[in-house]
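Biologist: I have not looked at this structure before. Could you take me through it in a few questions?

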Amino acid sequence: WLRHFCNFGGDEGRVHSRTIYVGHKSCPPNEAYIPPKFCDNRIVSSKYTVWNFLPKNLFEQFRRIANFYFLIIFLVQVIVDTPTSPVTSGLPLFFVITVTAIKQGYEDWLRHKADREVNEYRVSVLEDGRRIRKMSAKIKVGDILEVEEDETFPCDLILLQSSRDDGTCFVTTASLDGESNHKVRCTATHLQLLSLGPENLLLKGANLKNTQKICGVAVYTGMETKMALNYQGKSQKRSAVEKSINAFLLVYLFILVSKALVCTTLKYVWQSKHDETWYNEKTQKEKETNQYLKMFTDFLSFMVLFNFIIPVSMYVTVEMQKFLGSFFITWDKDFFDPEIQEGALVNTSDLNEELGQVEYIFTDKTGTLTQNNMEFIECCIDGFQYKHGDGSSETYFDKKEELFLRALCLCHTVQKEMGFIASSPDEIALVKGAMRYGFTFLGLESKNMKILNRNKDVETYELLHVLNFDPVRRRMSVMVRSKTDRRRFSVVTFFSLSVQEGYRTLCVAYKHLSAQEYARADADLREARLALQDREEKLMAVYNRVETDMILIGATAVEDQLQDEAAQTMEALQGAGMKVWVLTGDKMETAKSTCYACGLFKKNTELLELTLRTLEDGGRSREERLHDLLLEYHKKAVQDAPPVKLGITRLKLASGHDYGFIIDGASLSMVLSSSSEPNSRRYKNLFLQICQNCTSVLCCRMAPLQKAQIVKLVKNSKGNPITLSIGDGANDVSMILEAHVGIGIKGKEGRQAVKNSDYAIPKLKHLKKLLLAHGHLYYVRIAHLVQYFFYKNLCFILPQFLYQFFCGYSQQPLYDAAYLTMYNICFTSMPILAYSLLEQHICIEVLLEHSTLYRDIAKNAMLRWKLFLYWTALGIFHGLVFFFGVRFLFSNPALQDNGQVFGNWSYGTIVFTVLVFTVTLKLALDTRHWTWINHFVIWGSLAFYVFFSFFWGGIIWPFLKHQRLYFVFANMLSSVSAWLVIILLIILSLLPEILLVVLRKPRGPHARQVTLNCTAGDPQSPQSPARPLLTRTFSDESNTVI
Amino acid sequence: MMASSYNAKEEDGHHSGSSTHGGTGAPKNKKPDNTAFKQQRLPAWQPILTAGTVLPAFFVIGLIFIPIGIGLYVTSNNIKEYEVDYTGVEPNSPCYDCANSFTWNSTTPCVCTVNFTLTQPFESNVYMYYGLSNFYQNHRRYVKSRDDSQLNGVQSSLTNPSKECKPYLTNPETKLPIAPCGAIANSLFNDTLELYYSQPDGNTSKVTLVKRGIAWYTDKNVKFRNPGNDKDNLTERFKGTAKPVNWLKPVYELDPSDPENNGFINEDFIVWMRTAALPTFRKLYRIIQKKPDSTPTLASGKYVLKITYNYPVRSFDGRKRMILSTISWMGGKNPFLGIAYITVGSICFFLGVVLLIIHQKYDTRSNSADIPN
């Protein structure tokens, strides 16, 4: 039996040491060992089970303040004698709860399905020498697993045996940290050392590569695996719109409470004057009730009477709008990528509108901006430029060129196994580039590198030393010895930045070493490598000594191919007022060239660099240097920059000075965790201010956690800007989770990002449409939906409130219970739902073309208090018009041509009819995109109202206690006066609205163009009504007119 | 009215491409359907409201509303209405004594007469209303204090009325259920109004008041039904019930002269049961049919209103009125609609003119500004 102690310090939540019996061999009797309980390998991401769904879901739902409020109202109605029956609020509440429960149940079912897929994945377990196929969920700690090539490790394993001779195996952790290179893991052969390190650990989620199969013992399973631990804490994201809704809700709650208070107070004032009358005596119960209790129940009754002002159905409509609306993203064929045969994916529909509010975009580089696919573009040898394409033509190669190509073939860490594998994709690109020119790298066999040269001869070189790349030195070298002439040969490659076309440029240089020189270098290197202290510094010193007096041969240009339309996408996003930050784990040089290539940095962009390199300049301590640099950059970018107004920033900046900021991980951690607290705060502020004044920011050498830190920093900065993170690898998961909106790219690096994202798209270029078109539309739709809902309920309830002044504050409802209940559910819900799903106030093409339109809705523009006040004022105006219009009509209730009179239910029905028509027509006025669905729903709702009213009033309903509306509607329609007043009040209510639509300033500088474009290509009216809106002339000349 | 454009976006390539595509696709083809709905490309009408398009609307509204308003106003003005307040608050008013001497248990009715003069003759049908002020028929406790199913003639509800009728559910002494129960029925307006015309020659003639046709047809014929079998005596049918406390006579004696107007289907009762919307209201009491000859229904001259004063309103500072009114197609006299229509129409017209001026003035300017572009 074997016993393992694993020590992984620092991993939160993981036990610091655990004892595992490999293969479940029983422990020796002499040792008192209680086998600890480890969890099994089941992954559970679902929230509910069949059994706990109902109670748990209900609990969760009633934790929402709105639902709880409605529950309370419902209970009050059940308990207290209230003017409206409990059904009026119970039915909508039941509806809301059911719809939400169905939606959440469906989403959880999807999670169950995904879990089951993972848990039922078959794995091979070795038990007593036999191999058994087992479900992944059944793996126990201590099981010995067999994993074959390209398989994913089902849990965290310690490598015991590999099919490779050297006892190693290769893994890619692409789905964990996004690094697609192959990493070497060693078998834990020297178990007696009792020290296992990360090099022995195979993490769940990683893939086995280049190794036929391995055996490993499960050490961490299920929810204890590193992967599972990393995913915990995915918190519910809430959109800015939802916060606005809650704020508005508070206002309305205040209105509601004050209305109820006013009415209660006035009721008692009124009662003191109008004592109980002979015709309307109190019941015995009322007389006996305690005065204060009575006041309280009166207050509650008023609350119940007016509670419709807080729209129950808004929540369900918002939920439905989000849920149904998100289908348009999945359905969009523009998001379909033929390569992976997939379209976009929506994981949370709660954030649709947030897509229209993004201010900061944090993007990963590798796999997101770039394809992570290096290509050798051109080289320059001895001053002559060779472009790919003409290189293949048989031209004479002189010595220098051959030397250059040979150097390319030698100086790398590429391994050849069914294609090339390397830790850096550009090495592969170089080797492949050399291949195109006739020099093929055949592989590395026991320290011998073989090259097939142009003459089809195999050249063999002995690889003596690899002087690895590091970002400070910025070069790598190899020392080789040619088998043929035994002369020593050192090739050095180093990076230098090419600003021109975003290529990654490497210079190639060489020098020959004499035997003595090599011997010395060899000795130095060995000594340095074995040094126990200051190994790094010593190595560096040796490297620097070796890499001198080199002879430059030429330079190569490698391009990390950008994603399709990356540059256009970035330009559009920046045009839309978003700031794009690149957060990458990659080297600065690579990242920088990408930034140039996709237009984030431009030629005239002044780069402000805060990296280890700049920090180490000047020979002072890093801390001091950091301080100085921060201040300097701050002065440059913030203080000297002209104060720019929001909204036109980009245009102004383009003409003025353009700054780009570069920071690397090490410097960032210095900024964020400076030694002294006040300094740290100050640095953070400075850093943020600099960044916010730069057009683009590049953060390189970022650990996944640092990416999240940056997102968090920006997210919590002043103004709480809406952030969006986009990435494709598992290393982006943390920032995807942290940002307001997380977008996953369905890239090559596994599905972790996609799983944790809120939305997933196949390619970066789809981001443009997702934000500029979908996001914009969703935001406009939902913002209008919210405002409209509050408005329509305000003008619904206001007449009821006003009626209290005329009915002795007796809580007499103005409308019949059926109308109260159906108003929000049936009569006015569908048009706004259709609007909020289909509205395109500007068509999609125009939105995509004019990215600046996105700025119009920035900063929650449509849910600002000003607009909210406008809608509230409109609601109040309408409510007043409805109520008093009918009130004056009823100063003589003899409204029929046979002299008969109308009663209170006719009064309510007239008000209600005006209300339903006005509210629906108001929406019709706001609708800019009339599809047949809109027509159907708007006119259908009105027709349904009329039909329902006839029907409801046409029968003596046996189950009703009161036949209040019996023939009230029909009688109303038989009165000419009622018709006239309905038409008058509808038109009077809509008049200011029409006037305002005409007079409103066109939004944004493109408004006119937009109207032009939207109607362009329309065969029916070539002279489209793009008559300069009067509005325009108004706004332009307003001072002279008004 | 509105400038519009019908923007039929083509479902690009849908007709030709998709049919073949679907056939070749793998069974699990996730490519989204290229339908107009899913691609948000449904053909849509995109109205644009501009000054140019709204302008005619303003004029049209103005031009329609103003004549309607004038018509309404004139119609309303042509309606003749005469109101007599007979509450008896002032000491010199004829009903002062009746109002003050009122007791619930008085057996002898108090009668008072009010003289008034119509200066103009009332043509066509004249409608007599009684009006009450400061009477909260729309008080919640009052409104719900009724049992519609009892009034609909349901036998079980007759003997066992709804609890909503409290405290007018059962007779406190006999414990019998009250029919009709509830506060509304209990407070039925029970003044009797009679109208006499003092002919110029000194004789007085009684004006015929028709008591049928004052309630909604559907109320009279469907909503209100007497309980039991039609063949039986009405008194039999209401057996086992008590009269409302404040009533002088039981429900089956409301109009003994006309079986079609007795019991729950008594029109005065039905009219009262339709609760008024506002605390000051009027209800139709009687109709004075126009005469077959061309003489006015109510000639100008002196009239005497004889009131059997039963209904107390002083206790709640109420007022009682008798209103004589002719009726037009728009109902009773109410200048509000006419004024409102004229006002709204004028506003629209005025706005239209203002917009037109602005439109004309700046349209040309922006046109010329457009040319260089």
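Biologist: How far apart are the end C-alpha atoms of residues 336–358 of chain B?

Modeller: This is a predicted model. In it, residues 336–358 of chain B are 100% helix and 0% strand. UniProt, in an unreviewed entry, places the feature "transmembrane region" at this span and at residues 48–74 of chain B. For residues 336–358, the distance between the end C-alpha atoms is 33 Å.

Biologist: And how far apart are the end C-alpha atoms of residues 48–74 of chain B?

Modeller: Residues 48–74 of chain B are 89% helix and 0% strand. The end C-alpha atoms of this span are separated by 39 Å.

Biologist: What distance separates the C-alpha centres of the domains of chain B?

Modeller: The domain assignment divides chain B into domain 1 (52–79 + 333–362) and domain 2 (81–327). Between the C-alpha centres of domain 1 and domain 2 of chain B the distance is 42 Å.

Biologist: Which salt bridge joins A:E845 to a residue of chain B?

Modeller: Chain B puts 105 residues into its contact with chain A, and chain A puts in 108. About 9,300 Å² is buried between the chains, with 61% from carbon and sulfur atoms. B:Q40, B:R140 and B:W216 supply 9% of the area that chain B buries against chain A, more than any other three residues. There are three salt bridges between the chains, and at 2.8 Å, N to O, the side chain of A:E845 meets that of B:R41.

Biologist: Within chain A, which residue forms a salt bridge with A:K859?

Modeller: A:K859 belongs to the boundary of domain 3 and domain 4 of chain A, where A:K322, A:Y854 and A:K859 supply 40% of the area that domain 3 buries against domain 4. That boundary buries about 1,500 Å² and brings 17 residues of domain 3 into contact with 18 of domain 4. The rule finds two salt bridges across this interface. With a distance of 2.8 Å, N to O, the side-chain partner of A:K859 is A:E359.

Biologist: At what angle do helix α8 and helix α26 of chain A cross?

Modeller: Helix α8 covers residues 291–306 and helix α26 residues 766–804, and their axes come within 9 Å. A:F302, A:L305 and A:F306 of α8 make the contact with A:I797, A:Q800, A:F801 and A:Q804 of α26. By class, the residues in this contact are five nonpolar, two polar and no charged. The axes of α8 and α26 cross at roughly 145°.

Note on methods: Residues are numbered from 1 along each chain as its sequence is written. Chains are lettered from A and ligands numbered from 1 in the order in which they are written. This is a predicted model: local features need pLDDT of at least 70, side-chain atom pairs count only at pLDDT 80 or more; totals for chains, interfaces and linings use all residues. Side-chain values use heavy atoms; hydrogens and water are left out. UniProt positions are given in the numbering used here, feature names are shortened, and annotations may be inferred rather than shown by experiment. Helices (H or I, at least four residues) and strands (E, at least two) are DSSP runs, numbered from the N terminus. Axes are lines fitted to C-alpha atoms, for helices over the stretch in contact, and angles run from 0 to 180 degrees between N-to-C directions. Contact means heavy atoms within 4.5 Å. Ala, Val, Leu, Ile, Met, Phe, Trp, Tyr, Cys and Pro count as nonpolar, Asp, Glu, Lys and Arg as charged, and the others, Gly among them, as polar. Buried area is the accessible area (1.4 Å probe) that two parts lose on being put together, summed over both. A salt bridge is a side-chain nitrogen of Lys or Arg within 4 Å of a carboxyl oxygen of Asp or Glu. Domain bounds come from an automatic or database domain assignment.
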